[in-house]
Amino acid sequence: MTSVSKTPESTGQPVDAKHHELLMTRPRESHRMMWLTAAVVLGAVALVAYSLITNPRYEWDVVFSWFLSERLFSGLVNTLILTVISMVVGIVAGVLLALARLAPNYVVASVAAFMIWFFRGVPVFVQLLFWGFIAAIYPRIEMGIPFGPEFFSIDANTLITPFLAAILGLGLNEGAYMSEIVRAGLLSVHKGQTEAAKALGMKRGLILWRVVLPQAMKIIIPPTGNQTISMLKTTSLVSVLAFPELLYSAQMVYSSNFKTIPLLIAASLWYLAVTSILSLGQFYIERHFNRGSGNRAPQKLSARFNPLKRSQPIVQKVQP
Amino acid sequence: MNDVIAEAYEVQKHFGQLEVLKGINLTVNRGEVTCILGPSGSGKSTFLRCINQLETLTGGYIKVNGRPIGVKIKNGSLHKQNETEIATSREHIGMVFQSFNLFPHMTVLENICEAPLRVRKESRKAVTARANELLARVGLSEKANVYPVALSGGQQQRVAIARALAMEPQLMLFDEPTSALDPELVGEVLDVMRDLAKAGMTMIVVTHEIGFAREVGDNLVFMDGGYVVEQGHPREVLSNPQHERTQQFLSKVL
């Protein structure tokens with residue numbers, strides 16, 4: 001045995017020519033820790049599953065009998081309607097607020113900033129209550145010329161139904177969040193893009209619609225997907241306005257039959273199902289707006305899922 | 001008698017306290033290639049951007065085709081042009097940028113067709129035919145349906161030139177068109193510009209390519225510190241600069 005002086009940075013063992021063949025192979029990979037971890041995690045999952053199946057208080061038969069019931073289904077439809085309309089209101093309001101915030105007119109920009117501050121700052125639950133109780137502030141809603149003739153007047157409680165209160169509360173709150181998302185998207189588009197479009201004789205509206213917004217979409221879409229999924233669940237707050245969306249429909253059932261947990265589970269399963277569908281939709285929309293950019297989303301959805309071992313990292317590091 | 005296409009009178013531009021252009025006087029004749037040379041910060045890009053109103057003048061005026069740009073005279077007083085008028089005057093002036101600025105979400109063909117389709121509202125058939133001719137002219141026919149990200153810098157710049165030409169401009173502005181390119185790609189872009197000059201296009205080129213200015217230019221303008229220091233025929237200015245500042249600059253870059 002020869003003694004080799006070890007330099008501090010070298011940890012390898014000395015080798016000579018007879019090791020050549022061995023070194024030309026690849027080292028064996030040990031999966032022992034991975035299997036062990038997987039086993040521990042699977043054990044925990046099994047415990048939870050066991051409890052889910054054996055604990056009689058879940059009353060799975062009741063869950064499934066109500067899951068496809070007409071009452072929950074009509075609640076689900078209302079939830080979807082609320083989600084879609086609130087998101088449309090939110091996106092439109094968000095684009096307008098974002099454009100206003102970026103406007104050269106200081107007054108316009110300030111008022112937009114104030115509205116965003118207000119609608120983001122007050123909890124959406126409180127906002128929903130305000131819209132629900134709007135008649136306490138404005139008993140009658142009138143339209144006319146200020147200090148002049150009045151064209152029509154209507155009782156606030158007649159005009160602002162629970163449905164409209166929900167749309168206003170959810171939509172305006174969403175608009176405040178969406179405006180920040182849209183603004184980030186608009187600002188992410190390089191100034192040279194606008195200049196090139198101007199130099200071609202394009203006007204502001206056309207530049208926004210054809211050049212800036214399509215590129216901003218890449219930034220705007222992923223958080224908007226999140227917001228939509230979040231909105232789907234936030235609509236459950238509308239139950240406080242006694243509007244029969246999914247949660248309130250479940251609540252109405254269990255207030256009469258006292259099957260509280262099974263009905264909450266049935267509602268949750270619906271929320272999960274719709275969330276899953278929305279995530280899938282988001283994947284395809286992202287892929288569409290990624291066209292023409294170097295870092296593409298995976299071309300196949302299946303590329304994202306790979307059991308036990310990932311063949312490729314989900315987030316690929318950009319090589320410098 | 002020369003046919004004047006663009007004239008600048010005492011053009012000034014300041015950004016806040018910073019005076020970039022201190023009084024530029026320049027005349028560009030139709031069919032000529034004017035090259036603007038000068039150190040960084042001399043205001044040459046800013047002047048070019050003033051011509052198609054990407055910057056607003058703070059003094060003096062520029063006439064293109066005999067009409068002042070960006071302003072109109074109404075009831076004896078001077079008013080700003082509205083957005084439509086400014087956009088319309090830009091249609092006749094093509095511009096090529098240092099950083100190409102192709103629209104990344106559109107294919108090469110879509111990039112070229114966009115403005116003729118949406119601004120001039122021409123028929124898709126006519127526009128596509130013209131776009132394909134232009135692509136052939138810049139040697140990129142086979143790239144019509146790829147996205148800009150798949151092109152080299154030189155190819156992107158050639159597409160950008162084709163995109164500007166699709167609007168059939170009377171005047172082409174080039175803002176350091178080869179400065180962002182790898183050295184080996186500069187030639188292909190200069191070749192396209194040379195062909196364009198031969199075809200009689202009026203061009204104003206801000207550049208550091210002295211060889212190009214000497215060979216293709218009809219007029220060479222040397223700018224420094226916000227002024228036109230010297231101008232004349234490229235071969236004369238380059239071989240026998242009169243002004244001390246021009247001599248200093250050329251001794252460093254030649």
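Which residue forms a salt bridge with B:R120? The partner is B:E168, and the closest N and O atoms of the two sit 2.6 Å apart. A salt bridge here means a side-chain nitrogen of Lys or Arg within 4 Å of a carboxyl oxygen of Asp or Glu. B:E168 lies in the loop between helix 5 (153–165) and strand 9 (171–175) of chain B, and B:R120 lies in the loop between helix 3 (108–118) and helix 4 (124–137), so this pair ties together parts that are 48 residues apart in sequence. Helices (H or I, at least four residues) and strands (E, at least two) are DSSP runs, numbered from the N terminus.

Before going on, some ground rules. This is a predicted model, where local features need pLDDT of at least 70 and side-chain atom pairs count only at pLDDT 80 or more, while totals for chains, interfaces and linings use all residues. Residues are numbered from 1 along each chain as its sequence is written, chains are lettered from A and ligands numbered from 1 in the order in which they are written, and side-chain values use heavy atoms, leaving out hydrogens and water.

**Salt bridges**

Over all chains, the structure holds 22 salt bridges. Here are three of them:

| Pair | Closest N and O atoms |
|---|---|
| B:E168 and B:R120 | 2.6 Å |
| A:E59 and A:K259 | 2.9 Å |
| A:E195 and B:R49 | 2.5 Å |

Take the pair A:E59 and A:K259. The two link distant parts of chain A, 200 residues apart: A:E59 is in the loop between helix 2 (32–54) and helix 3 (60–67), and A:K259 is in the loop between helix 12 (246–257) and helix 13 (260–289). How covered up are they? Buried means under 20% relative accessible area, exposed means over 50%, and partly exposed is in between (1.4 Å probe, protein chains only). A:E59 counts as partly exposed because its relative accessibility is 25%, and A:K259, at 28%, is partly exposed too.

The pair A:E195 and B:R49 crosses between chains, from helix 10 of chain A to helix 1 (residues 44–51) of chain B. Both A:E195 and B:R49 are buried.

**Where the chains meet**

Let's look at the whole interface. Counting contact as heavy atoms within 4.5 Å, 21 residues of chain A touch 26 residues of chain B. The area buried between the two chains is about 2200 Å², with carbon and sulfur atoms giving 58% of that. Buried area is the accessible area (1.4 Å probe) that two parts lose on being put together, summed over both. In chain A, the residues that lose the most area to chain B are A:A199, A:L200 and A:R210, together 28% of what that side buries.

Three salt bridges run between chain A and chain B. On the side of chain A that touches chain B, helix 10 (191–199) and helix 11 (204–234) each supply at least two residues. Helix 10 gives the most, with seven residues.

**One spot on the surface**

Finally, what about A:V84? This residue is found in helix 4 (residues 70–101) of chain A, and at 53% relative accessibility A:V84 counts as exposed.
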